[in-house]
Amino acid sequence: MRTDVRNRKEQLKKQEKKDFDSSKDEETSTSDEEESSGGNRSKIAGKENHNFVHNNKNKINNQNANNNNNNIKEKDIVDPSVNNADNLKATDPPSAKYKKLAIRSVMGAFMIGFFTMVLSTDHFIVALFVIALQLLVFKEMIALRYIEAKEKKIPHFRTLNWFFLFTSFFFFYAKPILITLANYYPDIFQHFVRYHLWHSFSLYCIGFVLFILTLRKGVYRYQFSQLTWTLMILMMVVVQSNFLISNIYQGLIWFILPVSIIVCNDIFAYFNGFFLGKKFINRPLMKISPNKTWEGFIGATGWTLLFAYYFCGFLLKYDWIVCPKGNTGFMESLHCTRDPVFLEKEFIFPPEITTIAFKYLGITLLPFTYIPIQFHALVLALFGSLIAPFGGFFASGIKRAYKVKDFDTIFPGHGGVTDRTDCQFIMGLFIHVYYNTFIKTLEIDPTFIWQNIMMLSMEEKMVIYEKLKQSIEFTTGTITP
């Protein structure tokens, strides 16, 4: 009798441990071990134990489900009765619709004003602003799965996440800073400049080994899913944001224009959907985001094209926005020889076309002047209206998967930082690819050459100095070859 009781207690204890396993494969292997270890038990006792454990298993599962539901804040749960751009319920009074419109408008104006203030400082400050946004987006994305990780008692969950973020930051952003510091303190930072790639790889290896050491039996699959989630965030946020920062130093226009295009498209999509949504096309734009309407999507595309063309012309008035940063100091004024893409050109129709147009249509085609960047701006506007919104749909899918309305509540009426920047990352990557493929004319970047020179030893720098000195003297005619 005592043996039966002892066996029941042991089996119940094993079963309770098995209930906390998220992996079905691990549950199967655990149950196989239990069956093999319990082969010498009596049939009657085994049957009683099975019924006893089965009842307790149902109770534990119900209790876990209730705990998981309680961990989600009620205000963050997606309400199925909400089906409009303002997250309004059918029972809300009509005044609530315009109240939320006012809140969104005031908060939006504040964000645009703050963004304008940041842009009026320096390229370095703007780059720091982008890095700060990355930190906030990473924090919001990691928080989605933190409660579940805490329940499963994953060791050092947040520590490893932030370590991998620090490693990626060091790889992408540390080298330019180290080069600048090496100009003032060469004895200290020259080593880090020269071996920056090696130090980055070493940090990655440390994170990789630490992750393996934190693996715990029973939650293997869950821990690997957490690692995959972290790497996905780093790829979608940090890697794409690195190209945003590169765009900043090519000239603020390559940062301001695409960001403004996304903001414009978002604003007009909201207002068109607010006033005209489902009045002409009574079906949602995307099932994953039923609040988006065809009227908002189509109307925003037209308005964004107009905005991009004329706003680009406005930005061309300022050298501070058009000129690349180069090697100028902090907060120094910028003046440069403008790239041909920013200069007016005259377009003359081919004689064949002018002849046909006059002969058959009675139209005289006259030459006209244009600025190439304004036509490039139309391409950017088309991408920002047709492709970039899928970044928002991607974020909507994540929110529905985790049953939250917004990633955060830092901006009243707008949600979190992720809710406001979900389309900006892919837009920044597109600008980098488009600029380097179709616009950039200077094949050799002097800044890149300077960074490589700074990685050399003092003896190697002196060799380059003497060679360069001789070349300059020969070119200017001060010496004979």
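What follows is a short tour, one feature at a time.

Guide: Keep one thing in mind: this is a predicted model. Start with the overall count. The chain holds 20 helices and four strands.

Visitor: What share of the residues count as buried?

Guide: Of the 481 residues in the chain, 36% count as buried. Look at the contacts as well. Among those with a separation of 6 or more, 72% come from residues 24 or more positions apart.

Visitor: How do I read one helix? Which residues of helix 8 are buried?

Guide: The general idea comes first. An α-helix has 3.6 residues a turn, so residues three or four places apart point the same way. Now the case here. Helix 8 runs over residues 186–194, and its buried residues are Phe189, Gln190 and Val193. They lie on the same side of helix 8, because they cover an arc of only 120 degrees around the axis.

Visitor: And two helices together? At what angle do the axes of helix 12 and helix 15 cross?

Guide: Two packed helices are described by the angle between their axes and the distance between the axes. Take helix 12, residues 294–315, and helix 15, residues 372–386. Their axes come within 8 Å and cross at roughly 155 degrees. An angle over 145 degrees counts as roughly antiparallel. Helix 12 and helix 15 are therefore roughly antiparallel to each other. The crossing of helix 12 past helix 15 is right-handed.

Visitor: Which residues make the contact?

Guide: On helix 12, they include Phe297, Ala300, Thr304, Ala308 and Cys312. On helix 15, they include Ile373, Ala377, Leu378, Ala381 and Ser385. Cys312 is buried, with a relative accessible area of 0%.

Visitor: Cysteines can pair up, I hear. How many disulfides are there by this rule?

Guide: The rule is a distance cut-off: two cysteine sulfur atoms within 2.5 Å. By that rule there is one disulfide. Cys323 is joined to Cys336, with 2.0 Å from S to S. The angle about the S-S bond is -85 degrees, and the link is left-handed.

Visitor: Where do Cys323 and Cys336 lie?

Guide: Both Cys323 and Cys336 lie in the loop between helix 13 (319–322) and strand 3 (345–347), so the pair ties together parts that are 13 residues apart in sequence. Cys323 is buried, at 1% relative accessible area. Cys336 is partly exposed, at 31%.

Visitor: What about another cysteine? Is Cys423 buried or exposed?

Guide: Cys423 has 15% relative accessibility, and buried means under 20%. Cys423 therefore counts as buried.

Visitor: Is Lys287 buried or exposed?

Guide: Lys287 is exposed, with a relative accessible area of 81%. Lys287 is in the loop between strand 1 (284–286) and strand 2 (289–293). Lys287 and Phe393 are 106 residues apart along the chain, and 9.5 Å separates their C-alpha atoms.

Notes
Residues numbered from 1 in each chain as written. Predicted model: local features only at pLDDT ≥ 70, side-chain atom pairs only at ≥ 80, totals over all residues. Heavy atoms only, no water. Buried < 20%, exposed > 50% of the residue type's maximum accessible area, 1.4 Å probe, protein only. Arc of directions from axis to C-beta. Axes fitted to C-alpha atoms, helices over the stretch in contact; angles between N-to-C directions. Parallel < 35°, antiparallel > 145°, perpendicular 65-115°, else oblique. Left-handed = near helix turned anticlockwise from the far one by under 90°. Contact = heavy atoms within 4.5 Å.
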